[in-house]
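Student: I would like to go through the aromatic contacts here. Could you take me through them?

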Amino acid sequence: MRLNKMFFSTILALCLVSGIFSIRCDAVETNSNLSGNLNVILNISSESMRAYVTSFEKKYPNISVSIEYYSDYENEVKDRMATGEYGDVLLIPGYMGNDDIPQFFRPLGDIYDLAEKYDYLSESKINGDKVYGLPSSVYINGFIYNKRIFEESGITRIPTNTEEFLKDLNLIDERTSAIPFYTQYNDPWALLYWEVFPFVEMTGDSDYKFNHFIFEKEPFKRDSTHYNTYSLLYEIVNRNLAGDNPLDTDWNDSKIMLNTGEIACMVMGSWAIKEIKAAGPNPDDVAFMPFPNNINGQQYSTLAGNYCYGISKNSANPELAKAFIDYMLDESGYAIDNDCISILKGNPYPESYTDLKDVTIIPNTPATDAQYKLYKDLLTGVDLANSIEIQNIIADAANNSNKSFDSIMDDWNTRWEASRPEGEYADSYNNQGLWQNSAQFTDKQYEVTFSASEMDYIRDNPKVTVGYVDTTIPFVFLDDDTIKGLAPEITNIISNETGIQFDYISYSNQADLQIDIINGNIDMMAYAPTEIQDIQLSRPYLGNTVILVYNNDFDRDNISANSEVVISGEDYNFISDPHQQYYADTVEDALNMVFNGEAEYTVINYYSASFFVPFYSNNVLKMEPLNYYGNVSFGFCEGVDSRLISIFNKILYKIPATDMQMLLLQNMRKSNYSISFKQYLENNPFVASMLISLIAALVVIATVIIAIITIRGLRRRAKEIQKYEKLSNLIDEYIFEIDYKTSCITFDSKFKEKFNLIEKYDFENLTNPFLLSIRSQIIECQHNKSNVSEIFDYDNNGKAEHYKLLFSTINEHDSTIYLIGKIVSAEEDFKEKELLTHKSQTDPLTGLYNRDGLEHEFNRIISQDKAVPTAVMIFDLDSFKQVNDTMGHGGGDEALKHISAALAKYKDDNWIPARIGGDEFVVYSCGLTETELITRLDDIMSDITSQIIYENNKFHVTSSCGVIYSESTLLLEEGIQAADKQLYIKKASGKNGYKINTQS
């Protein structure tokens, strides 16, 4: 599972979470079919489980649940299982191997069936194809940290490499009284999180641990993943960034200390977030970050499973036990309540994961039996599963012993290789087929991780038969003997990423296709617009508005008196009892019947209507949207391998909506589609009769000439018809077309009305500012090989409106001859971008600019190229550490807000106040004379110098300031350095004031 681009806003996540909670507590349906007593053995107390048990018993009123809580779960449950009486539901202990599990537990189902419902089955307990245990939740490993401490230290971004992380810990040490890092030395289980990081976090490869690491010779050498991981731990301790005594730690104390800000961060699994939030008064200060490393800019985290629910083999109530497990996984919300990830497909992520939207989360690929045996052999030399090796690193770093980190790693390499069976290196294992192929595929941004069973399916190189009807434009159609359309574009992506081969088979109509798929004669259909019995559907790949197309005979006052044409296999049930109902094989056939008066109306999808209807006379066929919105999916026969469906769904989920829209736009034209002479005669009976008369009077050559002229005229007319004119009002978009051969740009009526334009313009000689902007957007997109523009503005009578441009082109001999595009509203995107920009450039405590905001505003000022005097000022709070020590961090915050208010009083485009870290403030000013600047500084220092009260404590606040002033433009960095020197001089001679140095 990847978290890459795909992240929802916190509000949406909260809504989803609250929705789940509501389902659990208020809307539980009762089920009286099951009854009996259920004994559940957990490492969770009865009190913590009370709400879940109550809700379960509300749903199943005839079941009574008793919870047995074991604090020392592994040892106590081992003794209990030895008696043969170990309840109905219990957590499968970690010491139990997969081969032993069937002796004690019942299977929960087939892995392929469960994979349709659950994610992360790599963390389940499996034997063969049977699943015996499902994880109660999954989590990731990284650092839990105190946001307030990081922010007070001037850290505005979480670190993405070890150098940044060490620098941040140094800032925390210098600017706060918090312990930058807590080692958890006395808690072996917590130390072992360090051994998670050298694999996925350091490589981005789920196969690395068991496919590469165990086969490497001397895997702890310099710059290896283990070396770089543990050197970070060594450096933290060796630089005194882990407190005065890093060997004296306590887990229970650390929870409180991190909550209150006495600790800045520590290594831990995300499951602990809830406990730490609950341990003190500051839950909002507790946050989670991944291990500080990136591969080509991408960060990774290892997915890990919590204990798995299992059903005792000796349970007398297996149905009740299964109902309880299903409830806990599917309905209870337990995982999200505990800041973990639910394994149920589609469940939201906890709010605590909002900072991880750009982090890729994947599990380690499970080891084969041979790989695990080799790993266990190697652990006899260096026991990485035992915390003693990690404790030794901390102790050596803390005691400044003669043991350097390099010597520790050399010792590990020696012991590791001494325990390796002879010849057990990568080359020998590669030939035996023990290296597994990676389960990750990447094409553009479509990053997907497949389960082990899905990988087995992919390795079999399956060939999948796909049925389609030729004229279902733009979903799937034949164009110059090539299968095109949105559905083939998607299957091409899947084929490129997996190697699955798709064989498209043409059908004359949708009804015959559905019969074959229901009978299992083909595997799937490319276009499934409605719910069809006896077939399975993928997740939708496109929304589908339904359109009523009718002729002049349509009786609107008496709908049921009209005759309807139904496209075989696409009955939208517009009315239950039409006067007469006809059937057509294709959209085109249905429209011909309506056009020729054989029926009054038909109902078709938006996209097919927008393609076909413009080819008919506008005064005959009319279109009207219906109050019906459906979806288009892929359809699968009942007997198809369920893994194929899950592969489709995973990739469909990962294709961004913008890309899907571009694929759709590219397939809204069929290059060889034109109206045939026969169709023209059928659709235009008057012209047909005229031609028949002419045939009697003219020679064959004249007839051919007239026919050619007629068809050419029709084609010109078809080009001039604005295809989306009637339907574009359904959505907030504006259609335009460019004919590069004639240098002509034309618009639909909605576009012309919105932007006050005439019918057409010369594209090469535009003078309209808005059209010039569109042309520049197109040129820039083509230069960047993109079909989607950035957000651009339109001045609507002084009000800025924001739009995006999407387009597709037709090329001939490597030159663009035609372009069709649309402009869509980008107001929501603009607001979100503005909000994100504001947040990224604002200090959250004071509301002033942060360092990024200061630099942005400075660049804005110098871009104006004004020859005006400028000044750079640095303020800091006198005796800030004493404020924190006497009044606490809350008092320190009040002092920082106090000085911020004094600086913000003059904030405008020429006075840029910023907090750049801790108690340091910078102001960049332009346009003030030196006299005006001195007057303002006097006022500011007067405002700052005062007594503040916090929680009945009083403190006198003063500030010192260094200033550099120039009649010309000061550069920001040089100005800050020069002002900092003046600040130093001022504080050396006495605080509470400012010192100015004027540059000539």
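This is a predicted model: local features need pLDDT of at least 70, side-chain atom pairs count only at pLDDT 80 or more; totals for chains, interfaces and linings use all residues.

Student: How many aromatic pairs does the structure hold?

Tutor: It holds 55 aromatic pairs. One of them joins Tyr-234 and Phe-405, whose ring centres are 5.5 Å apart; the planes are at 50 degrees, so the pair is tilted.

Student: Which parts does that pair tie together?

Tutor: Tyr-234 belongs to helix 10 (residues 225-238) and Phe-405 to helix 17 (residues 405-418), so the contact ties together parts that are 171 residues apart in sequence.

Student: Are Tyr-234 and Phe-405 buried or exposed?

Tutor: Both Tyr-234 and Phe-405 are buried.

Student: Back to the cluster, then. What is the geometry of the pair formed by Phe-770 and Tyr-794?

Tutor: That aromatic pair is tilted, with 4.6 Å centre to centre and 55 degrees between the planes of Phe-770 and Tyr-794. Phe-770 is in helix 30 (residues 769-783) and Tyr-794 is in strand 31 (residues 792-796), so the pair links parts 24 residues apart in sequence.

Student: Why does Tyr-794 count as buried?

Tutor: Tyr-794 counts as buried because its relative accessibility is 14%, and the cut-off is under 20%. Phe-770 is buried as well, with a relative accessible area of 6%.

Student: New topic: which charged ends sit over rings?

Tutor: Among them, the charged end of Lys-750 sits over the ring of Tyr-734, 4.9 Å from the ring centre. Tyr-734 also belongs to the cluster. The charged end of Lys-907 sits over the ring of Tyr-849, 4.4 Å from its centre.

Conventions:
Residues are numbered from 1 along each chain as its sequence is written. Side-chain values use heavy atoms; hydrogens and water are left out. Rings of Phe, Tyr and Trp (its six-membered ring) pair if their centres lie within 6.5 Å; planes under 30 degrees apart count as stacked, over 60 as edge-to-face and the rest as tilted. Helices (H or I, at least four residues) and strands (E, at least two) are DSSP runs, numbered from the N terminus. Buried means under 20% relative accessible area, exposed over 50%, partly exposed in between (1.4 Å probe, protein chains only). A charge sits over a ring if NZ of Lys or CZ of Arg is within 6 Å of the ring centre and within 35 degrees of the ring normal.
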